[in-house]
Amino acid sequence: MDLFDKFQPLKEAYAALTAGGGDPFGVAFDNILSPTIGLIGDREIVLAGTNNYLGLTFDEAVISAAKNALEKFGTGTTGSRIANGTFGPHRLLEQEMAAHYGMSSALVFTTGYQANLSVVAGLAQKGDQVFIDADCHASIYDACQLSGAEIIRFAHNDPSSLDRRLSRSDSNHSNKLVIVEGLYSMFGDIAPIDEFVEVKNRHKAYLMVDEAHSFGGFGKQGLGVAEDCGVLKEADFLVGTFSKSLAGIGGFAVSDHPDFDLLRVAARAYMFTASSSAASIEVTRAALKIISDRPSLRKNLWENAHRLHAGLKSVGFELMADPSPIVAADLGDPMRAAKAWNVLLQSGVYVNLAIPPGTPNSKSLLRCSVSAAHTSEQIDFIVDCFAKVAQLD
Ligand SMILES: Cc1ncc(COP(=O)(O)O)c(C=O)c1O
């Protein structure tokens with residue numbers, strides 16, 4: 001008996017996947033030249049799978065904010081938010097996030113993953129019920145498990161399925177928390193948040209929306225899909241990450257609930273981990289300012305999203321959703337997808353390989369994320385490389 005025995009099937013599947021040469025889950029970039037170009041050795045690779053939606057990781061103001069914070073606060077915080085790890089920038093970012101959303105409270109976490117652990121497992125517990133969209137991110141599933149609440153899944157992006165699940169439990173007196181995402185990370189499809197709001201209001205449930213992939217790209221102010229649907233104020237809790245449009249590392253949650261700040265002393269994933277570095281927090285503050293000052297970034301993002309979507313369709317790919325900053329092509333099976341992924345990388349394009357069990361409906365996908373920083377030429381190059389893949393068999 002060996003602790004690792006259970007991983008034998010995984011080991012074999014991984015070996016088969018990497019037999020073609022590259023390792024889709026072990027790519028290392030030797031240098032990053034810009035939000036859209038990385039180097040592997042001395043080969044330039046167009047980056048089309050980085051979630052760098054607004055391309056702000058190389059923005060001058062963002063970089064200088066990080067440098068200043070490094071000089072002023074040092075490299076790390078060496079402590080948790082409730083001990084020595086809250087610096088001025090953490091507090092300022094919380095105030096700014098709350099102001100952007102027009103909410104009374106904002107909390108900043110070390111990652112988006114921990115934001116979900118903190119909010120879900122902090123608020124729900126044994127005796128409560130959490131209703132989650134079947135396609136929710138692993139961090140939400142983990143958070144639900146950790147909470148000890150009863151977990152009830154409803155069909156993806158289907159308010160009537162949620163309605164039926166809630167109806168069945170209307171007579172019991174538990175607290176009910178509904179969890180959805182704004183933009184789903186694998187297929188790139190968008191949630192009808194306004195319809196979910198209507199359902200949760202009718203059943204007196206709470207709603208949490210994870211805007212990890214939609215913050216920056218949706219809504220007049222870039223606050224996400226809830227804003228875009230006109231129901232920002234009706235979502236009870238909004239969660240997000242700094243690791244995508246906001247160009248840093250960390251996570252946040254905002255709410256108008258008068259007791260929301262109690263999570264600071266109730267949520268274990270907030271209390272028992274070191275806080276984000278001041279540099280990362282200052283990066284996020286600078287990016288947040290740019291997102292509200294420069295709506296043209298969102299326009300570029302969406303133009304690129306439409307261009308890539310139309311291009312991949314024109315060369316014969318079946319795409320998983322209507323145009324959005326995430327464009328995912330269905331390759332049919334994991335081995336075919338891995339082969340195609342290798343051809344793309346050898347041709348100079350990096351995308352994400354997404355295969356079961358990490359994908360909804362056991363799909364095998366080449367997943368692209370578009371950036372406002374991509375040029376039209378880069379988008380066309382990505383499409384040309386996909387055209388080679390289309391001719392593979
Ligand atoms: C929907 C969703 N929530 C949370 C996270 C976790 O964010 P982070 O990378 O900041 O931990 C992700 C990461 O991709 C995500 O897709």
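Reader: In which loop is the place of Ser276?

Author: This is a predicted model. In it, Ser276 sits in the loop between helix H9 (268-271) and H10.

Reader: Is Ser276 buried or exposed?

Author: Count the C-beta atoms around it. A residue is buried if 20 or more others lie within 10 Å of its own. Ser276 has 28 within 10 Å, so it is buried.

Reader: Which residues is Ser276 in contact with, leaving aside neighbours within four places in sequence?

Author: Val108, Thr110, Ile249, Gly250 and Ile281. Gly79 and Ser276 are 197 residues apart along the chain, yet their C-alpha atoms are separated by 9.3 Å.

Reader: Now the helices. At what angle do H3 and H10 pack?

Author: Helix H3 (residues 88-101) and helix H10 (residues 278-293) pack at about 25°, with axes 9 Å apart. Angles under 35 degrees count as roughly parallel. Therefore H3 is roughly parallel to H10. The crossing is left-handed.

Reader: Which residues make that contact?

Author: H3 gives Pro89, His90, Leu92, Leu93, Glu96 and His100. H10 gives Ala278, Ile281, Glu282, Thr284, Arg285, Leu288 and Ser292. By class, six are nonpolar, four polar and three charged.

Reader: Step back to the domains. Where do they run?

Author: The domain assignment gives domain 1 as 5-58 + 295-390 and domain 2 as 60-293. Their C-alpha centres lie 26 Å apart.

Reader: What should I look for in the backbone?

Author: Most residues other than glycine have a negative phi, and most peptide bonds are trans. Then look in the loop between S14 and S15, where Pro357 lies. The peptide bond from Pro356 to Pro357 is cis, with omega near 5°.

Reader: Which value does phi take at Asn361, and which at Ser362?

Author: Asn361 has a positive phi of about 55°, though it is not a glycine. Ser362 also has a positive phi, near 55°.

Reader: Why do they count as exposed?

Author: The cut-off is 12 or fewer C-beta atoms within 10 Å. Asn361 has 12 such neighbours, so it counts as exposed. Ser362 has 11, so it counts as exposed too.

Definitions and conventions. Residues are numbered from 1 along each chain as its sequence is written. This is a predicted model: local features need pLDDT of at least 70, side-chain atom pairs count only at pLDDT 80 or more; totals for chains, interfaces and linings use all residues. Axes are lines fitted to C-alpha atoms, for helices over the stretch in contact, and angles run from 0 to 180 degrees between N-to-C directions. Helices (H or I, at least four residues) and strands (E, at least two) are DSSP runs, numbered from the N terminus. Angles under 35 degrees count as roughly parallel, over 145 as roughly antiparallel, 65 to 115 as roughly perpendicular and the rest as oblique. A crossing is left-handed if the near helix is turned anticlockwise from the far one by less than a right angle, and right-handed if clockwise. Two residues are in contact if their C-beta atoms, placed from the backbone, lie within 7 Å. Ala, Val, Leu, Ile, Met, Phe, Trp, Tyr, Cys and Pro count as nonpolar, Asp, Glu, Lys and Arg as charged, and the others, Gly among them, as polar. Domain bounds come from an automatic or database domain assignment.
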